[in-house]
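The structure comes before the notes.

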Amino acid sequence: MTALRSWLSDPNPASRRQARLGQAWLAWQRIRRNRLAMAGLVIVGILLVVAALAPWIAPHDPLTQDLSRRLLPPGTPGNLLGTDDFGRDILSRIIHGARITLYIIALVAVTAPVLGLLIGTVAGYFGGWIDATLMRLTDIFLAFPRLILALALVAVLGPGIENAVLAIALTAWPPYARVARAETLTVRSSDYIAAIRLQGASAPRIIAGHVVPMCLPSVIIRVTLDMAGVILIAAGLGFLGLGVLPPAPEWGLMISTGRKYLFEQWWVATMPGLAIFIVSLGFNLLGDGLRDVLDPRSSSR
Amino acid sequence: MTALPAPPPRSRLLPFLGQIALGIGTLAITLLGLLLITFIIARVVPTDPVLSIVGERATEAQMEAIRVKLGLDLPLWQQFFIYVRDALQGDLGTSIRTGQSVTAEIARYFPATLELATLGTIFGTLVGVPAGVLAATRPGSIADQIVRVVGLMGYSMPVFWLGLIGLLVFYGKLDWVSGPGRLDPTYDMMMQFTLTSYTGMILIDAALNGAWDVFANAISHIILPAGLLGYVSMAYISRMTRSFMMNELGQEYITTARVKGMPEWRVIWVHAMKNVLVPLITVIALSYAYLLEGSVLTETIFAWPGLGSYITDALFAADMPAVLGGTVVVGVVFVTLNMASDILYRLVDPRARA
Amino acid sequence: MSLLEVKNLRVTFDTETGPVQAVRGVSFSLGHERLGIVGESGSGKTMTGRAVLRLIRPPGRVDADVMTFDGQDLLNATEREMRALRGKRIGMVMQDPKYSLNPVMTVGRQLTEGLRLRDKLGRADATAKAIAALDAVQIRDPARVMEAYPHELSGGMGQRVMIAMMLIPEPDLLIADEPTSALDVTVQAEVLSILDGLVRDRGMGLIFISHDLRLVARFCDRVLVMHKGVVVEEVAAANLLEAKHPYTRGLLNCLPRIGGPRGPLPGLDRSGAWATEGAP
């Protein structure tokens, strides 16, 4: 362990891999010192574990109704967080809901940044009218308020989890395109790109093989920071009844059913909201810490 | 020793006007794009607009007549052209639900949203800017940590849930504020039948009428939703202020001001703040725009008869002209706010004027 | 009686990886004379200048055995007392007017600010004084410059404005931190001669911080050579070119000479014991 540590923190690395791992280790050390970022990491970790093990750790089936046990308060034996209007265990529903949340995040995280990267790198690499057109398109999408555009899209596509993801992804790509274009512009004129071009590499090959990798770090930081926003929009769509359809235990949907009982059975709406809040806070804390560590200009020191 | 030539005479107006012209040009293109997107969305709607007007039992001939009347027999580009022309004349179509002009309906709903978002932005700015400055001047301190965590919590809070919790606590349990709606029913009647409406914003109208009991009641209704939106906007504004202020405080001109013996409050609130203001204007405009959007969910919670309620209600009635009309209006407001912040930015930053 | 007395000055920065000392025990005293401080970047010369004005912000710290200005203890002075000294009795000119002037305030406002706030002068009096100061640094058409924003000025003009701003309260000590390094060579000479004339006429003390050995030799009475936060040699400017210390000699050897050998410039030899002396 100590040998490994000294190998990692060696100021004079012997190989490129040692240097790279050493850098990663240093970044990890800095994140570890940032208590808030660690809290975020722990929350995201718990989300992953809970989602993976949902069927095994949930005390009840999330869909089984028991009308004799409806609207029980938190702390009832067997129903730690109480039950909802159909007598379903809220804790179990939140645990299973983690899977849906994670599913939505994952789908958006693999679609929107890819679309944004594609548009941004192409615009930045080719420049000229292609750049002007694509960036204008980006501006137009940015001019739309995200939630309202997502609403309009879902209204057209119809409710459902895939449509919600599609609507969110279609509204989430423009910032990635901006970031990717900015990075591309700085890379484009560098000598190694010129060298590759002189070797006869085609434009798609240069973009995919040499420009995109340069854009990835900044895009990844943005993705982490954006995840909280995605969770909130997805929950908002669910709350309006435009996302995941009932009886699925989606958190936003659960809040919307709890709304009817707000003043008498407050826990029905409060518990899933807390889940949304904690998870999105986790992503925010983590993303914030990552940015501090990986982008020294914005650090708090 | 030769003296250096004086700087050229500075005409501040001419280039400025040119920039405004350019801004209006981009604005026009963006609006056209906005309309194109809503047009495309409207045309791929699976529900047939003709069917929803005439009903299932209409004859083929009746349907054809309506189709011609709606201009749906024309080629797509002509339909788009008509759509843009109408939109420019302020005609966003007719609501399927109510049969009224979408523009007129939105004009009735919009002031409520504007009132809510404006008050929210004012709250957010009044709290967020000092909080951000406090955090920036004491980095790493307890105050800084609190501002940071409170801000991140605001970022992470689902607005609609926060609204419900706010109602539960402040209305349901503590009874400090009034419940959903803009006014109690009695005052609402007064507002509608005995007072003159100037702006559609109740606070302003009541004040102009001198109806202070209505004003007080309106305050007790708006304070909770506006406070919640203000919290969300405060989260964003305080974070941005902190980061801008930190950046400025590291600049050399700050040292100059200190060397001149300026007191610290002046260094921060005059020297640094004047520079922070430049990017901060954009941030405040952005957060204003986001509040207009965030009001969609807040309004449904607080039964607030604004644009957000209008759009969501239309959504559930499958009233696409109303949904898209509302979307266009919010988009236009977004773009206009962007341009306004751009102009303000140039007014504040002498470097951008040249 | 000396104007400024500094003994064993230390500037420490507490960083994530432990404390770093930027200045490690610098001592000097200054009368109404021109003292040069030379050294490479990172030698602590700028930090020394700023420490005198107590402008080091956290996480930096300043401590010293003695640091007095005109008999007044700078180390234990309150922030209020320091503010009364700054600007009024000690001024500082920084490297690049592009950064050291506030970009969104007119030159006039920056010049008159101190007069109006501290000396409670009326607008007209303050403006008249500011224009006179601009005149003194040989700016033609000062009324127009007063209306200008810093980005509308050339580097040389900006630096003159900066000098005018610092000289308005007629300080006893001026710290010039690389005042000409960001300027074109032709403008450098003009700015230097303005500075020179003003310091001579008004009998101010001057600390001239620079990395340019020849400039310092020509411009100052006495020179401190700094390396890694330590003063390695103190010589009269006239004798600088005959300096004995290996580091100073090394620096001198780096200067290209017309007609000299045109081989690669020698690297600095830092192997001597002096290179680590004073380290904690």
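Chain A runs through the pattern α-α-α-α-α-α-α-α-α-α-α along its sequence, which amounts to 11 helices and 0 strands. The model is predicted. Two pairs of chains are in contact, and chains A and B share the most contacts.

**Chain A overall**

- The C-alpha trace of chain A spans about 75 × 55 × 35 Å along its principal axes.
- Chain A has 301 residues, and 44% of them are buried.
- Of the contacts in chain A between residues at least 6 apart in sequence, 67% link residues at least 24 apart.

**Helix α6(A)**

- The 12 residues of α6(A) should span 16 Å at 1.5 Å a residue, and the distance between the end C-alpha atoms, 16 Å, agrees with this.
- Because 11 of its 12 residues are buried, α6(A) is largely enclosed by the rest of the structure.
- A residue counts as buried here if 20 or more other C-beta atoms lie within 10 Å of its own.
- The buried residues of α6(A) are Arg146(A), Leu147(A), Ile148(A), Leu149(A), Ala150(A), Leu151(A), Ala152(A), Leu153(A), Val154(A), Ala155(A) and Val156(A).

**Contact between chains A and B**

- Chain A contributes 37 residues to this contact and chain B contributes 39 residues.
- On the side of chain A that touches chain B, two or more residues come from each of α5 (128-143), α6 (146-157), α9 (203-239) and α11 (267-294) of chain A.
- α11(A) gives the most to that side, with 10 residues.
- The side of chain A that touches chain B is made up of 26 nonpolar, 7 polar and 4 charged residues.

**Contact between chains B and C**

- Here 23 residues of chain B are in contact with 36 residues of chain C.
- On the side of chain B that touches chain C, at least two residues are supplied by each of α11 (252-259), α12 (264-302) and α15 (350-353) of chain B.
- α11(B) accounts for the largest share of that side, 6 residues.
- By class, the side of chain B that touches chain C has 10 nonpolar, 6 polar and 7 charged residues.

**Chains A and C**

- Chain A and chain C do not touch, and 9 Å separates their nearest C-alpha atoms.

Conventions:
Residues numbered from 1 in each chain as written. Chains lettered and ligands numbered in written order. Predicted model: local features only at pLDDT ≥ 70, side-chain atom pairs only at ≥ 80, totals over all residues. Contact = placed C-beta atoms within 7 Å. Helix = DSSP H or I, 4+ residues; strand = E, 2+ residues; numbered from the N terminus. Nonpolar A, V, L, I, M, F, W, Y, C, P; charged D, E, K, R; others polar. Expected span 1.5 Å × (residues − 1).
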